[in-house]
Amino acid sequence: MQEQADSGAETPLRIGVAGLGNVGATLVQIIQRDGEELTRKLGRQIVVTAVCARSRSRDRGIDTSELAWFDDPVALAKSDKIDLFVELIGGEDGPALAAVSAALELGRPVVTANKALLARHGVALTRIAENADTQLGFEAAVAGGIPVIKTLREGLGSARVARVYGIMNGTCNYILSRMGTEGISFADCLADAQKLGYAEADPTFDVQGFDTAHKLAILSSLCFGCEIAPDEIFVEGITTISQADIKVADDLGYKIKLLGIAQRNADGIEQRVHPTMVPKASSIAGVDGVMNAVALETDHVAQLLLAGPGAGGPPTASSVLSDILDIARGTHVPPLGVPSEELTPYRQASMRAHEGGYYIRLNVRDVPGAFASIASCMGAAGISLESVIQRPDLRVTEPGLAGTDTRTVVLLTHSTLEQQVRDALAQIEGDGFTAGTPQMIRIEQF
Ligand code: NAP
């Protein structure tokens, strides 16, 4: 990290904010409210001079009458009324990309909370920023109010990260936590999350794991010095998690969490997002509700767990402001931790080579020979079972089970290759002694 010789300390830093929704309006409000204190901390005044949104007439609870108004984010990004451009519109392309690119090309520093934009274009935008010798801050893009980017870029700058994992989607964590504490179904929890504003009207991006994958891709780049590659990540969402899974996990001493996990192994970088059974006693298991947490394991620090609010106007705006303060101070760091030309091409390790324990739940037909067939499939795939649990009391409802006479049976494996588990399940399904779709959840012993 180096301090720039001239940070313009005597002149106010003029900020343009594009996007005045949850995060943008809160940011403007905080800067307007706390202006004096920020000036005292920085020795330099920070002022919002210009803003942009779609609707000029919407009441946002902030006073914009003294600010220059722009209908076009790109025009704001290029305006000579600002020194720093904040993008809080969202979306991986469109106006967000156009405006951020325009500001960086002019050598104007940018702060954004936009994980989709970063995941898709982060490396290209970093190159533009470096070529123009300017800054790109995106603390708020991963885990909202938790300062994980700064921790990785600066706090742990000299350490080698061995593994990073975390709960990075509040919607999924809220749903899984409530399924656990209240015994209600995924669908009912999702409906409540939507009523409370924790889930979007279209929750696909969250519950299918893609939002977590975007954040994990950004973290992986910072942890392992590789390019950002969200499409390469193995992703499974939480939509198939049933009360039977939650209850059996609880009986066995586990909780189910949607985790993003990245670690380097011999084949490349193993990056995966999926429901994971974690021991109840682990730190990550204690992170419930809409809270997020990121665990960093390095050669110097065995484990660092950063936990806190992963979303919401004030926490997210606070992270945006933290980036603005760094830029105002003249702090200069490569956006992705190393200069972009040093980033290595990304190589995804095959998920089939993943090794670990597995929870497998089957709906076994109540017919002679069913158990013998299942045991034989597991044996043929070379899988050693830790336990077999019969839970006829736990009925699972899914379309393929209507009218069938089945028992819920859970198999726990010792450490096994994913390929072996997939082979065994394909064989079990083919033999016809089970109904519906087998459930498979990976176990981590954190
Ligand atoms: P939001 O409430 O939907 O607000 C988006 C804003 O962008 C609105 O003010 C909208 O204007 C404006 N906008 C949309 N299209 C525009 C266009 N073409 N030209 C000009 N303005 C346009 O979004 P948000 O929740 O504040 O999120 C903003 C960013 O922060 C996103 O990238 C999001 O992923 C990220 N983020 C959000 C959170 C969170 O908790 N909300 C957490 C972490 C990161 P109108 O108001 O006039 O419609």
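Is Phe446 buried, partly exposed or exposed, and what is its relative accessible area? In this predicted model, Phe446 comes out as partly exposed, with a relative accessible area of 23%. That value sits between the cut-offs, since buried means under 20% and exposed means over 50%.

Phe446 also turns up in the ring contacts. Searching the whole structure gives 3 aromatic pairs. In one of them, the ring centres of Tyr165 and Phe446 are 3.8 Å apart and the planes meet at 5°, so this pair counts as stacked; the cut-off for stacking is under 30 degrees. The two partners come from well-separated stretches of sequence: Tyr165 belongs to strand β8 (residues 161-167), while Phe446 falls in the segment after β19 (434-443), so the contact ties together parts that are 281 residues apart in sequence.

Another pair has a different geometry. Tyr174 and Tyr198 have ring centres 5.0 Å apart, and because their planes stand at 65°, the pair is edge-to-face; that label applies to planes over 60 degrees apart. Here, too, distant parts of the chain are linked: Tyr174 is in helix α6 (residues 170-182) and Tyr198 is in the loop between α7 (186-195) and α8 (204-207), with 24 residues separating them. Tyr174 counts as buried, at 9% relative accessibility, and Tyr198 is partly exposed, at 37%.

A ring is also involved in a contact of another kind. Arg153 places its charged end over the ring of Phe138, at 5.3 Å from the ring centre.

For Ser55, a backbone N or O atom lies 2.7 Å from a ligand oxygen atom. Asn22 has a polar backbone atom 3.0 Å from an oxygen atom of the ligand, and for Gly21 the distance from a backbone N or O atom to a ligand oxygen is 3.1 Å. In terms of area, the ligand taken alone exposes 910 Å², and the protein buries 79% of that.

How values were computed
Residues numbered from 1 in each chain as written. Predicted model: local features only at pLDDT ≥ 70, side-chain atom pairs only at ≥ 80, totals over all residues. Heavy atoms only, no water. Phe/Tyr/Trp six-rings, centres within 6.5 Å; stacked < 30°, edge-to-face > 60°. Helix = DSSP H or I, 4+ residues; strand = E, 2+ residues; numbered from the N terminus. Buried < 20%, exposed > 50% of the residue type's maximum accessible area, 1.4 Å probe, protein only. Lys NZ or Arg CZ within 6 Å of the ring centre and 35° of its normal. Polar contact = N/O pair within 3.5 Å; in protein donor to acceptor, adjacent residues only side chain to side chain. Areas by Shrake-Rupley, 256 points an atom, 1.4 Å probe, with all protein chains shown as cover.
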